[in-house]
Amino acid sequence: MSLAPSISVPRSRFNALPLYIGLFCLLWSYAFVAGKIGVTHCPPLILLAARFSLAGILILGATMMRGDWSLSWRDAAIFAVLGIANNALYLGLGYTGLQSVSAGLGGLIVSANPVFTAALAALLLGESMTWRKAGGLLLGIIGVTAIVWHRLSVGTDSLHGIVFTLASLASIVAGTILFKLLAPQGSLWIGNGVQNLAAGIVLTPVALTFADVHAIDVTPSLIGAFAFLVLGGSILAYWLWFHLLKVCGATAASAYHFLMPPLGILFAFLVLGEHVEARDLLGIIPVALGIYLVTRPAKPAS
């Protein structure tokens with residue numbers, strides 16, 4: 001009988017990050033389609049106020065029932081501020097724009113997020129801006145611009161809606177930088193609940209003042225879109241977004257927004273029947289290569 005000690009070989013741990021990234025991209029890009037459906041049956045501010053309020057109540061209610069609150073007052077205040085930037089302003093402006101632009105174009109404009117985020121992250125957060133990352137961002141810009149240019153040449157999107165969507169883009173860039181700059185601690189799940197509830201509290205009086213409640217057209221399409229926006233958008237997608245920001249960094253996490261144009265166009269074509277041509281999808285090639293360059297880990301120094 002051998003007396004040699006048995007050596008246990010550790011099993012490799014499953015890396016869930018690619019799964020999180022894929023699910024985030026699918027949820028975030030489809031949210032533009034669900035939002036377009038929603039604003040055709042309900043004023044955007046009322047839709048968002050109800051969405052954020054319900055999501056916040058669900059998350060924080062479940063947290064209170066479990067009795068595992070783990071967020072300081074400071075961090076709760078930071079998440080509330082982030083809720084105004086990342087939820088109320090970003091989607092409030094974006095959904096107002098969606099009334100007069102297509103879901104595909106709305107997603108395209110917001111997908112410029114990585115460019116501005118990377119530049120500000122290098123200036124304010126000290127994140128490195130290598131030639132490889134710069135080249136990847138440039139490829140992403142080329143791919144997205146090609147799709148936008150073609151979409152504008154065949155579409156009927158209004159300048160008014162585009163301006164609101166650009167303001168929406170500025171809001172999410174600011175919210176992304178603020179999250180990394182203020183670095184709130186504690187549970188991202190609870191923080192997401194605080195963000196949603198804060199956004200709901202801010203938007204509700206505005207919605208009731210400027211929007212017409214009687215304009216709500218309750219249909220199965222509206223109910224389905226609202227359910228997705230609350231559960232898949234405000235609860236799951238936003239939790240995934242802040243998780244990716246935490247583990248990947250602002251530049252790398254934001255680079256995945258370059259995937260939103262082709263995915264958004266595809267979903268808009270399948271669900272809404274929006275016009276799409278093969279030229280729209282050619283932008284996927286530089287976009288995919290750009291994401292690879294931006295997010296590829298640097299080689300360790302020898």
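**Cavities, surface and charges**

A: The largest cavity holds about 120 Å³ of space. A cavity here is a set of points on a 1 Å grid over the protein atoms alone where a 1.4 Å probe fits but cannot get out. Points are joined across faces, edges and corners, and the volume is the space filled by probe spheres set on them. This is a predicted model, in which local features need pLDDT of at least 70 and side-chain atom pairs count only at pLDDT 80 or more, while totals for chains, interfaces and linings use all residues. Residues are numbered from 1 along each chain as its sequence is written, and side-chain values use heavy atoms, with hydrogens and water left out.

Q: How many cavities of 30 Å³ or more are there?

A: The count is two.

Q: What lines the largest cavity?

A: Its lining consists of Leu27, Trp28, Ala31, Phe32, Arg51, Tyr90, Leu91, Tyr95, Gly233, Ala237 and Tyr238; lining residues have an atom within 4 Å of a point. Helix 1 (17–41), helix 3 (73–98) and helix 9 (220–248) each give two or more residues to this lining. Helix 1 supplies the largest share, four residues.

Q: And which classes of residue are those?

A: Nine are nonpolar, one is polar and one is charged. Ala, Val, Leu, Ile, Met, Phe, Trp, Tyr, Cys and Pro count as nonpolar, Asp, Glu, Lys and Arg as charged, and the others, Gly among them, as polar.

Q: Which residues line the second largest cavity?

A: They are Phe32, Tyr90, Leu91, Gly94, Tyr95, Leu98, Gly106, Val110, Thr165 and Ser168. At least two residues each come from helix 3, helix 4 (103–110) and helix 7 (159–182), and helix 3 has the largest share with five. By class, this lining has six nonpolar, four polar and no charged residues.

Q: Stepping back, what is the secondary structure of the chain?

A: The chain has 13 helices and zero strands. Helices (H or I, at least four residues) and strands (E, at least two) are DSSP runs, numbered from the N terminus. Of the 302 residues, 51% count as buried, where buried means under 20% relative accessible area, exposed over 50%, and partly exposed in between (1.4 Å probe, protein chains only).

Q: Is leucine 123 buried or exposed?

A: Leucine 123 is exposed, with a relative accessible area of 69%. Its place is in helix 5.

Q: What about alanine 183, where is that?

A: Alanine 183 lies in the loop between helix 7 and helix 8 (188–210). Its phi is near 45°, a positive value in a residue other than glycine. At 35% relative accessibility, alanine 183 counts as partly exposed.

Q: Last topic: how many salt bridges does the structure hold?

A: The structure holds one, a salt bridge being a side-chain nitrogen of Lys or Arg within 4 Å of a carboxyl oxygen of Asp or Glu. Aspartate 75 forms it with arginine 74, and the closest N and O atoms are 2.9 Å apart. Aspartate 75 is buried, with a relative accessible area of 7%.

Definitions and conventions
1 Å grid on protein atoms, 1.4 Å probe; cavity = no way out; pocket = protein on both sides within 12 Å on 5 of 7 lines; lining within 4 Å.
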